[in-house]
Amino acid sequence: MKILVCMKQVPQKDAPLKLNEAGTWIREDVSYEVNEPDAFALEEALRQKEKHGGEVVAITAGPARSQQVLREALAKGADRAIHLEDAGFVGLDALNVARALAAAIKDEQFDLIFTGLQSDDQGYAQTGVVLAELLGWPHATIIMQIERTGDGIRVKRELEAGFFQFVDMPLPAVLTIQSGINKLRYATLIGIKQAKNKPMRKVTMAEVQPALGPNLQKVERLHVPQKTRNTEFLEGAPAEIAKKLVDKLRNEARVL
Amino acid sequence: MATVSATPKSKISGGSFLLENRSASDVFTPEDFTEQHQLIAQTAEDFAANEIVPNIEKMEHKDFSISRDLLKKAGELGLSSAEIPEVYGGMELDKVTASIIADHIAKYAGFATTWGGHTGIGTLPIVYFGSEEQKKKYLPRLASGEIVGAYALSEASSGSDALNCRARAELSADGKYYVLNGEKMWITNAGFADLFTVFAKIGGEKFTAFLVEKTFPGFSIGAEEHKMGIRGSSTCPLILNDCQAPVENVLGEIGKGHVIAFNILNVGRFKLGAMCVGGARVSLENAVQYAKQRKAFGKVIADFGLVREKIASMAALIFVGESLVYRTVGMMDDALSQIDKHAPGADKETRKAIEEYAVECSIIKVWGSEMIDYVVDETVQIYGGYGFVEEYPAERAYRDARINRIFEGTNEINRLIIAGFLLKRAASGQLPLMPAIKKLMDEVMSGASTEDFEGPLSEERKLVSSAKNLTLFAAGVASQKYMQSIQDQQEVMGAIADMVIEVYAMESATLRAQKIAEQSASSAMLPIAMTRVYLSQAMEKMESAARKVVAAAADGDTLRAQSAILRRLAKHDPINTIQLRQEISQKVIERGKYALN
Amino acid sequence: MADTILVVVEQREGKLNRVSWETIVAGQALARETGWNLEAAVAGNNVSGLASEVAAKAVTKVYAIESPKLATYTPDAFAAALKQFIASSQPKLVLMPHTYQVRDFIPKLATAMGRTVITDCIGFKKEKEILLFTRQMFQGKFAADVTFAGDPPWFVTFQNGAFRADKIESGAAAAPIENVNIEIADAVVRNRPEEAFKEAKQAVDLTQASVIVAVGRGIKEQKNIELAKQLAEALGGEIAASRPICDSGWLPMDRQVGSSGQTVAPQLYLALGISGAIQHLVGMKGARTIIAVNKDSEAPIFEIADYAVVGNLFDIVPPLIEEIKKVKPAS
């Protein structure tokens, strides 16, 4: 199977983020890492390849720094990589990002495309599904398991409230992968050494520009959410406290 | 390789930092890590965080099955064989990589000791001195972690003076093996290692190294030592009772065991520096996290100036430590990249290239081990009472750090190496120390003005230059007084070593900060603040050491004249380190750990 | 014709989920703000009953979008049906709850119509006649105000809990219901889903738990762990502990939360008898809601708790389990 894995570089989880002067985006001088669900998507692609043979290709869109996620993918075992390299990709909406990805792979024949289920920075959870629609492929989201069947695949979708569901679907298809579907491997030193010699195709903004349209949504500004924890002390007899707690569990924590 | 620029650089000679002013482009820094270095750092960091840290408790309680498992996992990832050639199953990577791995593995000192014992003194003797057969037989399995290595040099009554060893070896009647008798002490990994480099004297005279497998007849291991720290590592005596080692297991040449014994510590010492930096980083993170949570008088203690001052000092030291370690291994890599690894005698060339920087490696070891002791001590202080109980990590780190000043050559031995090596090189003409001292003395006498510096950190570079002059001056005064017998004046040698150490530390930090500043002024603010804080405290040490030397070497009018010169050389304007430490601690506390961005 | 806001509600097994009601509340608020009509739609097979439930609320009209192909959810069928309906009814704004099901098809639907969707919003505001939708970014470190730059229909999904379902307004009279029958060709639906199922509990991965009940030294004895387990069970959550409890072997090590255990970020973290040593706090302070019960009013855990109960956990927990059982049927 030939599998494309869409990966994104996002600010490190504990990176101290600051707003830019205009308040429209973060300042870019932070440390970055691979979007965690994308790491699971890559791992799953590598496992599928180990089982069924084929090729794993990693793709990302972003400035020069984002090449790091592709190197990491290559070090872990991806066969080659595609880098849509331009700082301008950061500002695209999900539709345009998917259009750019689709344009970059128009001459390729993939059986499967994996993405993480969402990104840790913007968290729109859209790119994979939009890409499927642009390609005219079926898709399934929040996938916890993938098996090959005769002419297609059988996937396990995570639903809400502890429910799951198996879905049979034909190929080619797009799947968005849930974190925790597998156990991530480490990049071995031998893999890291070999990664240097694996092919990395660069795609410029100009090459995909004809496929893009105007952004249909715009982040006007970012701000710091007000809420910090204000501890509320609940008082009264135990039975009263129990009632108050249940109210909080229902209406505030929303776990009941 | 880790060369910063594509063109090969002229090799920098060891110890030359004392005499020559370097530019920022000459030094390798963590900011110069390649993509490959960063990926390997990530793997090492993930391995430490996910595999080592969750198992700390078990290893502290001496469950060494965990340690062996971890060595196997590390081996499979390639983390244990950066310094083993590819043909023997190793990764054959540069020393920057070896240091990066050590730096991250050091998250937990107990396992770091195990790993360091295995990959360093347990493996490198074969890498550098093994025969082709020995390398083929042992290195692939050491690389993969299938077998574990250890190194047995010390004895109950010989440590730094290893040549006084009592263990003996006699050739068997049939000439097929040596019969070893004696007892070795403080053997890291002894409890579970498979292969030991054991030193013994053949016929009570010829000091020789042997590769001894634990299954050899007559070989046994004594009880675990009850140690102050690094309890997660195994340390036992080793008992040789008519132990039979085949003649083909003699390592290196008969009677040349001292070459191995002296060199193997030199070729591995740089990683100890890296480990001290890694350990200090973890300690600071713990301290900061605690300070941000712990409240006193209605606010978190991270808001108190005296706590912030500690945090800033610790962070500045870690910055300097990184600068020292990676500058040094960067130089080594430059030198090593010029060696054809497949040519005959490549092992020896490699060893020589590393030994070239013996002074720098000793500096890293001494400076790093004293730095981490300061950091873990202040961490205990920040934790207060909680720092004194076992449930919190400060206490363990405090105990664990202490051994670093003792093993791999005590800091005292290393200070003598630092001063002695420079004086030896000066005597042999390899290092033009004496002409430099003379030139300085002439300048001092004629009142010539000092060199001017321009650009970023010019003040700091000027201070580094003053520090060098101060050191040369003290060394000059001492040489005049003691001549050849200076080697016997350990206190003077120690003071000179202290000054040399500070010069290297000051310069490494300054050049790194300058290099960062040349890239981006905004990201240099913290590095510059850290550098200035460090330089300020280092200059105080320099002055006091210089004064000690001068006062010992002269008296009366001479002393007064020399003190005046000393004061002139050390002259610098005070800086507001309170303000600088405020700025540093602000960032570190905000970030919750040591970080430059 | 006035502009319209369309709320597409979500049903499972003939029942609307709470976040659907919340989304109607969002729609009502938006209708007040904009003066636009609020309509609702429910898609499925035989959904007229649900449609009339919705029609009791303050909406101007409810559509029951029907097709046998909608009996079982597939993204292909739902996107096709809603595309047909929206293309003809032309709402200005389409609101849906940000559920796993909606996020499975709404990007496809919007793309198929040449539009985009602003997902996972927690609120909205109107400034100078422009609607801004607020959503979290960078894992909640920032909130972003996002606008639509293109033509309507504009698609928006709202996060679970962004609006309060109990604030829903009922209508003066039941809103009219219109049945819309949609034809979906066989070839459109490519995925073949099976029945949803629940899995037997597997080995614990606390990081995935949405509710965690954690015990500390205050639990006193091993046998008291049972009480905490009962509470965890009633909440459908996992039991966890601070280090001393696992050190004592009262719970296995994989239940430990904190710097030497797991780092968790559940919806709810209920700490029983945990004082809040920093080693513990670093492992759980990312929880969305923290409730702490402790005898010591000075316990550091209260510093980061949302709700604090100073008292004996053995007094509080039994009635709490009873109260929970009252409102939550056994699952």
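1. A salt bridge is taken here as a side-chain nitrogen of Lys or Arg within 4 Å of a carboxyl oxygen of Asp or Glu. By that rule, the interface of chain C and chain B in this predicted model has 0 salt bridges.

2. About 850 Å² is buried between them, with 47% of it on carbon and sulfur atoms.

3. Chain A and chain C each contribute 82 residues to their contact. The buried area is about 7400 Å², and carbon and sulfur atoms give 55% of it.

4. Between chain A and chain C there are 7 salt bridges; one pairs the side chains of A:R157 and C:D104 at 4.0 Å, N to O. Residue pairs in polar contact number 36, both members being at pLDDT 80 or more. Of the elements of chain A, α7(A) gives the most to the side that touches chain C, with 11 residues. By class, this side of chain A holds 42 nonpolar, 17 polar and 23 charged residues.

5. Strand pairing also links these two chains: β9(A) and strand β12 (residues 192-198) of chain C run antiparallel, joined by 5 bridges. Within this pairing, A:F163 stands opposite C:K198.

6. Chain C is assigned domain 1 (4-188) and domain 2 (206-327). Their C-alpha centres lie 38 Å apart.

Notes: Residues numbered from 1 in each chain as written. Chains lettered and ligands numbered in written order. Predicted model: local features only at pLDDT ≥ 70, side-chain atom pairs only at ≥ 80, totals over all residues. Heavy atoms only, no water. Domains from an automatic or database assignment. Buried area = accessible area lost by both parts, 1.4 Å probe. Contact = heavy atoms within 4.5 Å. Polar contact = N/O pair within 3.5 Å; in protein donor to acceptor, adjacent residues only side chain to side chain. Helix = DSSP H or I, 4+ residues; strand = E, 2+ residues; numbered from the N terminus. Nonpolar A, V, L, I, M, F, W, Y, C, P; charged D, E, K, R; others polar. Pairing = 2+ DSSP bridges.
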